[in-house]
Amino acid sequence: MSLDAFPEHILLTPGPTPLHPHALQALSRPMLGHMDPEVFALNCEIQGDLRVMYGTAPGTFTALLAGTGSLGMEAGFANLVEAGDEVLVCANGSFGRRMAEMAARYGARVRVVTAPLGEAIRADDVAAELAKSGDIRMVAVVHGETSTGVLNPVPEIAELVRDTGALLAVDAVTTAGMEPFHMARWGVDYAYTGAQKCLSAPPGVAPVAISERALARHAARRTPTPLWYCDFEGLRDYWTRQTYHHTVPVNLHFALHAALRAALDEGMAARQRRVQQVGEAIVSALAPLGFSPYVRRPQDRLPTVLALRLPQGFDDAGVRQALRAREISVTGGLGPTAGQIWRLGLMGEAARPGPYRALMRALEDLLG
Ligand code: PLP
């Protein structure tokens with residue numbers, strides 16, 4: 001099979017996003033060794049740029065995990081939770097539930113705060129759970145719940161967690177790199193994303209940031225981290241002490257470095273404006289066709305994943321298939337929202353007017 005025969009799809013999905021041109025260029029660089037000085041120098045720049053992207057405090061450790069966003073999620077529980085620890089998970093969608101499942105698999109006693117589908121977690125509900133027990137080891141929340149297009153109130157939740165002694169882990173998969181993220185100011189201890197989302201780099205590396213407090217908690221574990229591959233100490237062997245731990249995906253580091261630099265050069269405020277402008281334009285353009293925002297309260301809407309309720313009687317699968325034949329990919333609902341919504345990605349290079357103009361032209365043509 002020849003890759004030349006593959007279509008050049010316009011990806012309007014909630015990830016992966018179209019590659020940034022600099023990332024694409026960087027991918028074609030010849031291989032270097034993972035222990036070569038040039039790669040360590042590049043890694044240092046990546047670490048510095050991640051500190052800026054996440055808005056970290058001094059002493060925060062940043063790195064790339066060799067895996068996707070889910071590995072970022074798993075590494076947090078594997079390193080910061082021990083069997084029997086109490087963990088409070090905010091779960092109002094598929095990715096929050098994935099967090100709860102992972103925490104349980106690492107032996108945590110999991111308590112869950114939920115919200116109705118399409119609604120944000122309420123800070124009051126988190127406060128009520130925190131008040132019930134003084135021994136919660138970690139609170140975990142998804143910032144932008146991709147499955148429903150909901151933005152959870154991380155700054156408010158962080159405020160509640162601050163004086164409890166619990167660590168705060170935040171899934172920043174659909175936010176960091178596109179929306180301002182203030183790890184230090186908010187009081188976040190562990191944050192992760194996936195390269196293929198807001199940064200428009202290829203999937204396969206997960207940028208993480210670990211606060212000094214989280215590193216200290218990790219150092220005080222009673223038992224070794226059960227996930228050897230992502231043990232925070234092992235990561236520091238490679239990223240800080242420059243000794244071998246495992247062979248990192250060097251070419252993905254090249255691409256991530258280029259994409260991250262491009263994001264910081266553009267600036268978070270400009271990127272946020274770009275998302276907002278394209279998002280507003282697409283909502284206005286689709287309204288006459290019968291699409292409407294799925295998330296009721298405007299403040300709960302995740303800017304980077306636009307969840308739109310489909311028009312009455314709309315042939316979801318048929319239209320998406322017809323779009324795909326025209327080399328345009330859009331994503332429907334997940335689980336209970338399947339057949340009811342579309343989730344349009346506005347992360348990274350997806351948040352450009354050109355691809356959405358192509359979608360509008362195709363839809364006008366298909367729907368008459
Ligand atoms: N968390 C959120 C909010 C996501 O949207 C995703 C993927 O879409 C993940 C975690 C898992 O990331 P990955 O598919 O890169 O493993």
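Predicted model: local features only at pLDDT ≥ 70, side-chain atom pairs only at ≥ 80, totals over all residues.
User: Let's start with the seven-stranded sheet. In what order do its strands run?

Analyst: The order is β2-β10-β9-β8-β5-β3-β4, in an open sheet with mixed pairing.

User: Which strands stand at the edges?

Analyst: β2 (61-65) and β4 (109-113). Each has a single partner strand, so one side of each has no neighbour in the sheet.

User: And what does the twist average from one strand to the next?

Analyst: The twist averages 20 degrees.

User: How do β9 and β10 pair?

Analyst: Strand β9 (residues 190-192) and strand β10 (residues 206-210) are antiparallel, with three bridges between them. In that region Tyr192 sits opposite Val208 of β10.

User: What does helix α2 touch on this sheet?

Analyst: Helix α2 (residues 37-54) packs against β2, β9 and β10, and its direction makes about 110 degrees with that of β2. Helix α8 (residues 212-219) also packs on the sheet, touching β2, β8 (167-171), β9 and β10. The direction of α8 makes about 115 degrees with that of β8.

User: Staying with α2, at what angle does it pack with α10?

Analyst: About 40 degrees, with the axes of α2 and helix α10 (residues 250-266) 10 Å apart. The two helices are therefore oblique to each other, and α2 passes α10 in a left-handed crossing.

User: Which residues make that contact?

Analyst: From α2 you have Val39, Leu42, Asn43, Glu45, Ile46, Asp49, Val52 and Met53. From α10 come Val250, His253, Leu256, His257, Leu260, Arg261 and Leu264. By class, the contact of α2 with α10 has nine nonpolar, three polar and three charged residues.

User: OK, on to α11 and α13. How far apart are their axes?

Analyst: Helix α11 (residues 268-286) and helix α13 (residues 353-367) have axes 10 Å apart, at an angle of about 10 degrees. That angle is under 35 degrees, and α11 and α13 are therefore roughly parallel.

User: What meets what there?

Analyst: Val278, Ala281, Ile282 and Ala285 of α11 meet Pro353, Tyr356 and Met360 of α13. The contact of α11 with α13 divides into seven nonpolar, no polar and no charged residues.

User: And α5 with α6, at what angle do they cross?

Analyst: Roughly 20 degrees, and the axes of helix α5 (residues 123-132) and helix α6 (residues 154-161) come within 9 Å. That makes α5 roughly parallel to α6. The crossing is right-handed.

User: Switching topic: which residues come nearest the ligand?

Analyst: Thr68, Gly69, Ser70, Thr146 and Gly194, out of 13 residues around the ligand. The shell has five nonpolar, seven polar and one charged residues.

User: Which helix gives the most to that shell?

Analyst: Helix α3 (residues 69-80), with three residues.

User: Last one, the four-stranded sheet. What's the pairing?

Analyst: Antiparallel, in an open sheet ordered β11-β12-β15-β14. β11 (292-293) and β14 (331-332) are at the edges with a single partner strand each, so one side of each is left without a neighbour in the sheet.

User: How many bridges join β11 to β12?

Analyst: Two bridges join β11 to strand β12 (residues 305-309). Pro293 stands opposite Leu308 in β12.

Key
Residues numbered from 1 in each chain as written. Axes fitted to C-alpha atoms, helices over the stretch in contact; angles between N-to-C directions. Parallel < 35°, antiparallel > 145°, perpendicular 65-115°, else oblique. Left-handed = near helix turned anticlockwise from the far one by under 90°. Near = placed C-beta within 6 Å. Nonpolar A, V, L, I, M, F, W, Y, C, P; charged D, E, K, R; others polar. Pairing = 2+ DSSP bridges. Contact = placed C-beta atoms within 7 Å.
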